[in-house]
Structure formats: C-alpha cells, structure tokens
Amino acid sequence: MFHFVRAIEEKQVKIIFLGDDKVGKTSIIRRFAENIFRERYKPTLGVQVFTKENYEYPANSNQKILIYLWDIGAQELYELVRPDYYVGVSGIVFVGDVTRPETIERIRHWANEVKQHVKYPHGWAVALNKIDLIGEEEKKTTKRRREALLELIPEKMRDSEKIFFTSAKNDLQIIELIDCVLSQIIK
Ligand SMILES: Nc1nc2c(ncn2[C@@H]2O[C@H](COP(=O)(O)OP(=O)(O)OP(=O)(O)O)[C@@H](O)[C@H]2O)c(=O)[nH]1
Ligand SMILES: [Mg+2]
C-alpha cells in the first residue's frame, strides 16, 4: 500500500529588505519569523534567508503561505555586488530608523536601486522603525515629528497605507507591515 502525500498547493513569496546599516532589518525579520528581539547589535554578514511557514493570509482564511524573508547586511548592500538578491522577488520592505532621519532620506536611493533590478510589478511597504524610542514624548510633538519624518520619503512613495511606524522591540505594526506587502501580491 502506498501512502500518497497530499499535494499541498502552497503559495510562496520572496520578500526582500533594504535599508541602511543598523536600521533594524534583521530585527524586524526575526520579530516576524521567530518572535525574538535582541538589544545587542550584530551586523549581518552577507545574505541570510529566513522562512515563515504556514503563515495564514488573509487572517482566518485557511490559506497558508510560505514566506522567504531575505536579509542582507548593509555593508554588502553598499557595494551592490549582489544582483541575485533581487531574483524572483515578489515584495520589498524599505526600512529607515526614526532616530536617524538620514536613513529615511536614503529610502529614495534604495527605491532607485530596485528600479534597476526589478522591472515588473511587486508589493512594497516602508517601515519607519524604532518608533518606541520617540514614543515617550508628549503626543503633539510626536505627531509633528512623525509628519516631518514622512516628508523625507520620496513623494511618489508617500502612500499612507504603505508606510508603518514599527518597533521590532515592542512588536508594533510588524504584522501589519508584512500583511500590507502580501495584500499586493496575493490576490
Ligand atoms: N529600540 C529599538 N531598537 C531596535 C529596534 N529594531 C532594532 N533595534 C536595535 O538596533 C540595532 C540594529 O538592528 P539590526 O536589526 O541588527 O539592524 P540591521 O538593519 O539588520 O543592520 P545591518 O545588518 O548592519 O544592515 C540592534 O542593536 C537592535 O537591537 C526597535 O524597534 N527599537
Ligand atoms: Mg542585519
């Protein structure tokens, strides 16, 4: 008697992360994939692929997705010797750090970089990370500060539905960020 393995029709997606060093690319991925956060900074060397299996999307749909999350060290990215990083990509997360506005300005650069390598439609979202570090302020100030940070994102990308103030540390808006990318890929 044979035991037939039921053919599982599982959707697979590749999401890549782009952004300057220390903005929290690895931290966001690990929070999402493993629910882990580490305070200590350990630069990513080269490329590392994480997986999230059986991710239910949309929620309560019974549809399971296999997500490959591609992480790359910023040092490596600066040299851009890795065009293979972009092969088969279906979604992109641009990451900036709210405590270093220059890393948010650099999203323009990363978006231009993508245009060179990815010539077909893909899902995307922006994570303005480490929001926990400016969340302690008086509410009004925080609002104004957030607005100023949004201005640093290229105008064409200033789509409020695709920009998230995240905290990998406090697990804020991480699932929303990934679901936003998936919503553009999974129909
Ligand atoms: N407070 C706070 N710290 C964070 C957050 N996300 C990441 N960090 C810290 O910021 C530092 C850098 O995070 P990483 O995830 O290693 O950054 P990265 O973008 O992967 O850096 P590279 O691998 O060098 O490109 C680490 O010390 C993290 O603990 C956050 O949401 N809040
Ligand atoms: Mg890293």
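Among contacts between residues at least 6 apart in sequence, what share joins residues at least 24 apart? I looked this up before anything else. The share is 73% in this chain. I kept in mind that this is a predicted model.

**Entry: the whole chain**

I went through the secondary structure next. I found 6 helices and 6 strands. Reading along the sequence, I wrote down the order β-α-β-β-α-β-α-α-β-α-β-α. Then I checked burial. The chain has 187 residues, and 33% of them count as buried.

**Entry: helix α6**

I picked α6, which runs over residues 174-185. Its 12 residues reach 17 Å from first C-alpha to last.

Which residues of α6 are buried? I listed Ile-174, Leu-177, Ile-178, Cys-180, Val-181 and Leu-182. An α-helix has 3.6 residues a turn, so residues three or four places apart point the same way.

I then asked what covers these buried residues of α6. The cover includes the strands β1 (11-18), β3 (64-72), β4 (91-97), β5 (123-129) and β6 (163-165). Helix α1 (25-34) is also part of the cover.

**Entry: ligand 1**

α1 turned up again here. It gives the most to the shell around ligand 1, with 3 residues. How many residues surround ligand 1? I noted 23. The closest are Gly-24, Thr-26, Ser-27, Thr-44 and Ala-74. I sorted the shell by class: 9 charged, 8 polar and 6 nonpolar residues.

Conventions: Residues are numbered from 1 along each chain as its sequence is written. Chains are lettered from A and ligands numbered from 1 in the order in which they are written. This is a predicted model: local features need pLDDT of at least 70, side-chain atom pairs count only at pLDDT 80 or more; totals for chains, interfaces and linings use all residues. Helices (H or I, at least four residues) and strands (E, at least two) are DSSP runs, numbered from the N terminus. The expected span of a helix is 1.5 Å times one less than its number of residues. A residue is buried if 20 or more other C-beta atoms lie within 10 Å of its own, exposed if 12 or fewer, and partly exposed in between; C-beta atoms are placed from the backbone. Two residues are in contact if their C-beta atoms, placed from the backbone, lie within 7 Å. A residue is near a molecule or strand if its C-beta atom, placed from the backbone, lies within 6 Å of it. Ala, Val, Leu, Ile, Met, Phe, Trp, Tyr, Cys and Pro count as nonpolar, Asp, Glu, Lys and Arg as charged, and the others, Gly among them, as polar.
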